[in-house]
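Please examine the structure shown below. The questions that follow concern its domains, its helices and one of its sheets.

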Amino acid sequence: MEKMSRVSTIGGRTVFCHLDAPANAISVCRDATQVVVAGRNIFKIYGLEEDGFVERLNLRVGRKPSLNFSCADVMWHQMEENLLATAATNGAVVTWNLARPCRNKQEQLFTEHKRTVNKVCFHPTEVNMLLSGSQDGFMKCFDLRKKESVSTFSGQSESVRDVQFSIKDYFTFAASFENGNVQLWDIRRPDRYERMFTAHTGPVFCCDWHPEDRGWLATGGRDKMVKVWDMSTNCVKEIYCVQTIASVARVKWRPERRYHLATCSMMVDHNIYVWDVRRPFIPFATFEEHKDVTTGIVWRHQHDPYYLLSGSKDSTLYQHMFKDASRPIDRANPEGLCFGLFGDLAFAAKESLMSGELVIELQKTNNHKQPDFLKDESQFQESTTWTMLRIMFSEPANPSLSSNHNLNKSGNLPLVNSFSMKEMSTALNERNKENRQDNLHSLETNLNNNDENEETEGSEGQAEYLFGDAELDDDDLYSMEHDNQAAEEPEYLLPQEAFPLRHEIMDHPSAPEPVQEKPESPHVSGSEAESTCLTSMESFSLISVSQLLFSPHLPPKFFCPIVKKMLCYYAKQGDVQMAVSVLIVLGKRIRKEIDELTQEHWYMSYIDLLQRFELWNVSNEVIKLSTCGAIMCLNQASTTLHINCSNCKRPMSNKGWICDRCHQCASVCAVCHHVVKGLFVWCQGCSHGGHLEHVMEWLKQSKHCPAGCGHLCEYT
Amino acid sequence: MFVAKSIAADHKDLIHDVSYDFHGRRMATCSSDQSVKVWDKGDDGEWRCTASWKTHSGSVWRVTWAHPEFGQVLASCSFDRTAAVWEEIVGESNDKQRGQSHWIKRTTLVDSRTSVTDVKFAPKHMGLMLTTCSADGVVRIYEAPDVMNLSQWSLQHEISCKLSCSCISWNPSSSRAHPPMIAVGRDDSNVTYSGKVQIYEYNENTRKYAKAETLMTVTDPVHDITFAPNLGRSFHVLAIATKDVRIFKLVPLRRESANSSGPTKFEVQVMAQFDSHNSQVWRVSWNITSTLLASSGDDGCVRLWKANYMDNWKCTGILRGDGSPVNGSGHAAPLSAVGVPGAAQMLVGATSAGRYVTPPSSNPLAAPFSSPLPPLILAHSKIFIFYIFKASFLGSVE
């Protein structure tokens, strides 16, 4: 009851006051009404009032204060409210009695340590017992009734950084050392420590006994760690370890909270952290007020967990209220979310958020029944677009088209509305017979492969693009498995905003039909190649369009604004693939309509997309076929081949086939001894190589170089 | 239909970020336990942890991949006020550690005086550049002048944003018509400071980044911000996670004169705004074609958003870790209950993460948890990989 009433008298808020000089240490008196601040140039007592700090007493008196006033540490006696002790930087231990009538309150002076005294500590229950620890490696116990120390403890280690009487064990105290050791001493046995263990790598700057749990000692060191040791058993056990972000200068257990402790750092970090030792990675609370290193922290009352006092090198003294502390955990993002390329979504979340978790293994059976109507409007849109494009640009009467050998002839425009790849490839093959444009063929195959989400399984040589197919279109992000059977497509109405259309077109992307039928095409152009690709239904739908839209005297240029608009529409929708495909297929016919910068942007975006899916061949094809200057030179920049001459094994410096050193042809096949035109493979070790098929054959028989140089060739 | 697969992450505290690499075959996670883990997708589609190492001396907030052109490079940022660049070492590894890769620290960026909250590599076409933002409101842009030397980074720009920054996003557009642009989200909780999202643009003449736009309508703390993949668009789409999900469209306005030096003016349109999470939204992520946006919030759900042909954004799916689509379409996979949650955690050694299975709640539309959970001291995270199939929201998309 007494405890509670005392606590309830504490009131206030987060307040601070300016000190005249940087503080080194602070300490509160037992009833939490006054705080003493000590430093190299300051030694003052402040009263804690409701609305702030009030200076009560300046202990630093005299015109030229002696070095005894330069304090490294200060402690207010917890039983005798007029008694203070300071550790001076000159090695003196001084006690002060506030009850003295004169201005100088100094009571006793012990000058037994040879170097700076780092720490002084009163016994928690014994009034007259004082302990000190010094840089000189000794700890001394003083009886305040006597003029000199009663016992000296030699750590046989390096400098003493901290000494603390145990709260629960009357005779025990702990001392921490600069070499990383912590020693436990019995106050009655100054000859030898009871226990010693290495707590940290590097100096142990501080230690603090748990106020409740017997034998729990928290230590903090330069290795940025706070460790909690259990010494109640025979062997010392590390039970918690907190990793902070800077060396730990002070550690103080939080009253009434078993697992909480406060720390501050002596370098870099100015904040005060309160940790829950059970969650060692994120501070429970942070006080961020100080502008310079915090040097002293103390809980205001030994039974009150809500007020923390701190002094700092920035010459301020703060009273922090716990409710004003920032809670890093509340600001920490508890979730991670990322979309993968393949329609997979990685999601990491707090387990408590995922109530009732289930683990379902990937079930292929469930998604196998992909609905046939998956090919929804956007795909249909694309197919219609291609059909329209073909109609627009495939007019045979146009001399500019037919004369251009490199461009697509009418039949070569991809017919995307034929919805089966099988049919497509057949059609392509047929066309191929007529006009052997291998280059264009491969282009179209590629394009078609990427443009549509077809069942590529049926066609030969297409499998490698399956991945691209599956991924590139957003609709396919959801379909992991393609259906093998293209069923009847339901009818669709073309969405109005696809591109400027004057009619509603009913289209029937139908099931694969035997192409051999070669239905009569009533199309005005009447090209044979074209008609082979059309199923009866489609051509029917095309008739109506072509007859209405198309008259022979309209130049293709007439459509360019429409096409441009359409491409911009696709680009706006994020379907850059469509835009680039049309650009490539139409080539010169559309190029001038769209400014170079936009084209380059589309190409770059599309190439980037292809490279994400590791479709290197396709992206290379696109670069090769692009009509945009900046894109075409992509492959020429930063691609260097360093070749050695296969005869003299020295680097080839000039271009061409002849080595300028040995004046022989450098690229001779080591197997057949002919000059290699086309694909030349060579071993990077011995520079010998040859025709791909010859070398492959050779390697089946022997691992050695076919040139007979004895090298064990490696081809990767 | 979507299926969820959980991965035992084995991080000792919360996972704060998940990041796929450029090709979607590797994944990196970072956690408060100060470590980063790298996961590789095997040929069988399983994710395996191939590296796990301590990266920082504080919570690791974000992890991000560099473009593979620069090697296998990761960047992480942490509460410990640093950002770090990591590179995977290839070469002869001893047989004992087969299947494990080795990452070494190439550099530590120590310029921030406060927690570094986000780290992002700039788009590839700008070279090897790294951006960090920190809680003191400074965005820093570093450049590695020599892409072969990842240990040398020079601080090129410092943009002061005044308020505490939480997230950054580069505009991925590679068009020469779009100058380099970066969006910064700020998480200051004071609502009176409006404009929690700022857009900075590089000015070729002054060679500095200048503020081009402030989204004044965003007044709540912003947790995540992401530009949609550009894919040849002339405008930019920006998703923002704040107390709700927002999608903004930034249309660059034509300059009056070609040589006007000021920053680009934008027409800012709010395309969508959703508060269906009913809580803080923590993350937003675009799919590669920028047609689908995923958001995750404090409600423990992932929501998928998609625009129909009218440019109306709609929720097309709600994903939960239990794999039950909340909108009711699709059917839950057959389940086998292993045991009650408490008991499952007792099953030592059964599975590494103590996975457990419980039947889905009878009313999936209800919030996943309505009763306050007991305070957890040590929080753990789980990773879920959702495989999303169209059928799951055919019914709800227009």
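**Domains, helices and a sheet**

Chain A is divided into domain 1 (15–331) and domain 2 (559–635), with bounds from an automatic or database domain assignment. This is a predicted model, in which local features need pLDDT of at least 70, side-chain atom pairs count only at pLDDT 80 or more, and totals for chains, interfaces and linings use all residues. Residues are numbered from 1 along each chain as its sequence is written, chains are lettered from A and ligands numbered from 1 in the order written, and side-chain values use heavy atoms, without hydrogens and water.

Q: At what angle do helices α11 and α12 of chain A pack?
A: Helices are DSSP runs of H or I with at least four residues, strands are runs of E with at least two, and both are numbered from the N terminus. Axes are lines fitted to C-alpha atoms, for helices over the stretch in contact, and angles run from 0 to 180 degrees between N-to-C directions. The axes of α11 (residues 560–572) and α12 (residues 576–586) of chain A are 7 Å apart, and the angle is about 150 degrees.

Q: Which strands stand at the edges of the open four-stranded sheet of chain B?
A: Two strands pair if DSSP finds at least two bridges between them. The order is β18-β19-β20-β21, with antiparallel pairing. Each edge strand has a single partner, so one side of each is left without a neighbour in the sheet; these strands of chain B are β18 (224–227) and β21 (266–274).
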